[in-house]
Every structure is written in structure tokens, then in C-alpha cells.
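I opened a notebook for a structure I had not looked at before. The entries follow the order in which I looked things up.

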Amino acid sequence: MLRLHHILIPLLLHFVPKPASSAHCTTTTSSKTFEKCMMLPTQEASMAWTFHAHNATLDLVFFGSFISPSGWVAWGINPASAEMTGARTLIAFPDPTSGQLVLLPYILDPSVKLQKSPLLSQPLDIHLLSSSAVLYGGKMATIHDGATVQIYATLKLGGNKTRIHLVWNRGLYVQGYSPTIHPTTINDLSSAATIDVLSGVSNSRISSGYLKTMKTIHGILNALSWGFLLPAGAVLARYLRHMRSLGPIWFYAHAGVQLSGFIIGAVGFGIGIRLGQLSPGAVYGLHRKLGIAVFSLGALQTLALLFRPKTTTTKLRKYWKSYHHLVGYGCVVVGVVNCFQGFQAMGEERSYSMLAYCLGLSTLVGICVALEANGWVVFCRNAQEEKMRREGVLGFGSEKEKPATARASSVSPSHHSRSQSLSQGHG
């Protein structure tokens, strides 16, 4: 089941058009000309460079944009892997005193990722020969939302290595000279790539638009399956099984809905695994753990169908029902919670997609409340009628419901007198 995504993901993505990037990189700036350039997969960023093989020196410029007049733009390299933690970065932002653009070096250690301490500038432990930053537009340009910045750097690559791990990002605020945490949308958490500066080949072959399409499919499938179909299947079992006129129809409807939800959810789970492989810099600890938990519970619940004991085995049936209810309701609760975690991870907390899901879920909850209230009304009414029958206040509804003494006392007088005369005759 875990390998199901290898088959179904290509089928799903075959019908999704791959977005073409309308942006183009450039090798020419106002001060330098470079040999190669490349569009980076997120934030409409790009990079141009020239690699001097004879002395392993790399001249480059990074093109980024601000998202706030008081924000920051960062570019850097990670000696170990394509992720933020451990990166050696150059961050450009407006000087708090003069308002002019400044460029300072920072090392992103694990404490910064966990926000245990503010990010402080410190010298980089790489062969950085020179660095500078300028705003697009020259000296008269000002920092504003959407302003483009160019970060220049010259560094020496050691050990005959031509592959570098790039990271880049941008944030809203700078407190003093300490940049604050960047937004946590999908693009912001996926701003990393590995590039071979000699050949110009990058491992970031999935564009941001294509990656976003996969995430949208992942969200739709999981919201439909774990977040709606499985709760709907539980509702069918709870409120239809007591309707004797339906017979076994309720069971087949319940099993069909639950099985369909699990299959769709398994596809969504497989896409989620693939997204994790394509986004090494994105870490969603709680969402990932809840996803694994809900998939495991769903698999256990599906296996319960295979080991469902017969109604004749009373003891085993009792234990099976307890297991079935506990795992089923746990799967429903964890699935719904993880759907909201998914919306938060995608930065869609206030989107129309989340509004549509909330409306669908609230409709299902409203139906449950109405059916539950109706069930209690019927139960209380039947209990009251039964009590009145026992007290003799309410008559019995049919001849079959009368006790034997009541039927014996209801024999007609003519029949009784005729029986008495016959007995006297025999006497």
C-alpha cells in the first residue's frame, strides 16, 4: 500500500497541465556580466554566475525581492545539504539607523530554527572573498514591497567540488540587526536547491507551480477521504443500523463509504510521502505524524473487515465491536484534526477552500445533531409509553400485546354462560 503512489501519482498528474514559467533569468547587471543564469523554483528568484575552473572561484549574483519595507532578503550556501539549518547566509535589509541597505553575514544554527535565540551576525567559516548588495534602480531606489535586490558574492570552492547547496528566503521584519522568522508557506519552506555550477544542472526539476499542483491534489484527496468520507461512513453506521426496514443495506453502505475513503486517503498519503521527498527543506512535524497515525488507524480499520467474527461467536464479537468502534472513532477524530493542520501548513487558513471544507463538515455535524436529538426523542417517548402501559394508564395497542390474563378476562358473557350451562348439563 505504501508504494501505491508510484502508480497513481503519475496518473493524477498526467491530467494536470504543467505550468510554464513566465519569468526569465538574466546574465547581465549594471556592473557585471555572467556566463550562466537560472530561475530558482520559488519566490520568483534567480541567480547568475561565472565559474573560473582554473582557480575554483565562483562569481555570482542572486536576484530576490522584498515583501515588506522593513523586511529582509537572504541568500546563502549550506556545506552539508540543501536545507536552512546549517546554512551560511548573506542577508540584506534596511539599516535601522540610516535606512540604507546593508548586507551582513549570518550562520543559521539549529537554535535559530527553533527560535530559542535571536539571529545575530557573525563571520562565515567559508572562503567568501567579497560580497555586496544593491537595489535595482540604483542609488535613488528605495526599499518597498516588491523591490528587487541583487546580492553579489565571490567565493572559492574547495576540494574540486562544483556542486553547491543553495538556500534563499525573505521575511517581514528585522528587530535591530536580527532578522525575524520568515513566513511558513509552502514556497518559503521549499527555498533550497542543489546546483552544479560547472554544468548548470539543478536537482530542482519540479517547478513551484507543479509542486503546488501536487500539494493541491494532496489536500483535496485527504480532505475528501479522512476529513469527510470516513466521518460520513461512521454516521451511516450509527443511525441507519437501527432501521430494521433497511435490512443489511446499512452495512454495505457503511463498508462501501469507508473503503472508498481509505483508498482515496491512501493515494493522498502516498502523494504526501512524495511531496516530502521533493521538499527536503520543508518540515511539518505534527502534520506528518498525524498523517502517519491516521493512515495506520485506517489500515487497522480496513483489516477489521477481514477478521469480522460471526454473530454466533458472542464473546469474540463483543471484543471485535469494541476494537472496531475505538479505532474507527479515533481515525475519524485524528483525520479531521490533521485536515486543519494541512490547511495551516499550506497557508490556507483563511481561504475559500477551508471555508468550503468547514461548511461541508458543519453540515455533517448538523445532521448528526438532528439525528441524535430525534433518536433521544423517540427513545424517551417509547420509555414513557412503556411506563404508562405497566401502570395501566395506557391501553395495549393490539390483541397480541395483551397479557394472557387480560385476554382471558375479555371472553364474552354469552360464551361464559353457554360454557356454564354445558357444565351443568354434564353434571
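I began with contact, which means heavy atoms within 4.5 Å. I noted that this is a predicted model, where local features need pLDDT of at least 70, side-chain atom pairs count only at pLDDT 80 or more, and totals for chains, interfaces and linings use all residues. Residues are numbered from 1 along each chain as its sequence is written, and side-chain values use heavy atoms, with hydrogens and water left out.

**Entry: F62 and the cores**

I looked up what F62 touches, not counting residues up to four places away in sequence. The partners are L40, A45, S46, M47, V73, A74, W75, V149, Q150, I151 and W168.

I then turned to nonpolar cores, which are sets of buried Ala, Val, Leu, Ile, Met, Phe, Trp, Tyr and Cys residues joined through side-chain atoms within 4.5 Å. Buried means under 20% relative accessible area, exposed over 50%, and partly exposed in between, with a 1.4 Å probe and protein chains only. The largest core has 33 residues, and F62 is among those with the most contacts inside it, along with W49, L58, W75, V149, I151 and L166. Strand 8 (residues 148-156) gives the most to this core, with four residues. Helices (H or I, at least four residues) and strands (E, at least two) are DSSP runs, numbered from the N terminus. Another core of 13 residues lies apart from the largest one, and includes W72, A87, F93 and L119.

**Entry: the disulfide**

How many disulfides does a search of the whole structure find? I found one, a disulfide being a pair of cysteine sulfur atoms within 2.5 Å. C25 and C37 form the disulfide, with sulfur atoms 2.1 Å apart. The link of C25 and C37 is right-handed, with 50 degrees about the S-S bond. C25 lies in the loop between helix 1 (5-14) and strand 1 (36-39), and C37 in strand 1, so the pair ties together parts twelve residues apart in sequence. C25 is partly exposed at 27% relative accessible area, and C37 is partly exposed at 25%. I also checked C331, which is buried at 2%, and C339, which is buried at 8%.

**Entry: aromatic pairs**

Rings of Phe, Tyr and Trp (its six-membered ring) pair if their centres lie within 6.5 Å; planes under 30 degrees apart count as stacked, over 60 as edge-to-face and the rest as tilted. I recorded nine aromatic pairs in the structure. One of them, F93 and Y177, is edge-to-face, at 6.2 Å centre to centre and 65 degrees between the planes. F93 lies in strand 5 (residues 88-94) and Y177 in the loop between strand 10 (174-175) and strand 11 (178-179), so the pair ties together parts 84 residues apart in sequence. F93 is buried at 0% relative accessibility, whereas Y177 is partly exposed at 39%. W250 and F251 also form an edge-to-face pair, with 6.0 Å between centres and 80 degrees between planes. Both W250 and F251 are buried. I noted one aromatic cluster formed by W226, F262, F269 and F295.

**Entry: the annotated histidines**

An unreviewed UniProt entry places the feature "binding site" at H218, H254, H287 and H324. UniProt positions are given in the numbering used here, feature names are shortened, and annotations may be inferred rather than shown by experiment. H254 lies in helix 5 (residues 249-278) and is buried, at 11% relative accessible area. Leaving aside neighbours within four places in sequence, H254 is in contact with G233, A234, A237 and H324. H287 is in helix 6 (residues 285-306). Not counting residues up to four places away in sequence, H287 touches H218, N338, Q341 and G342.
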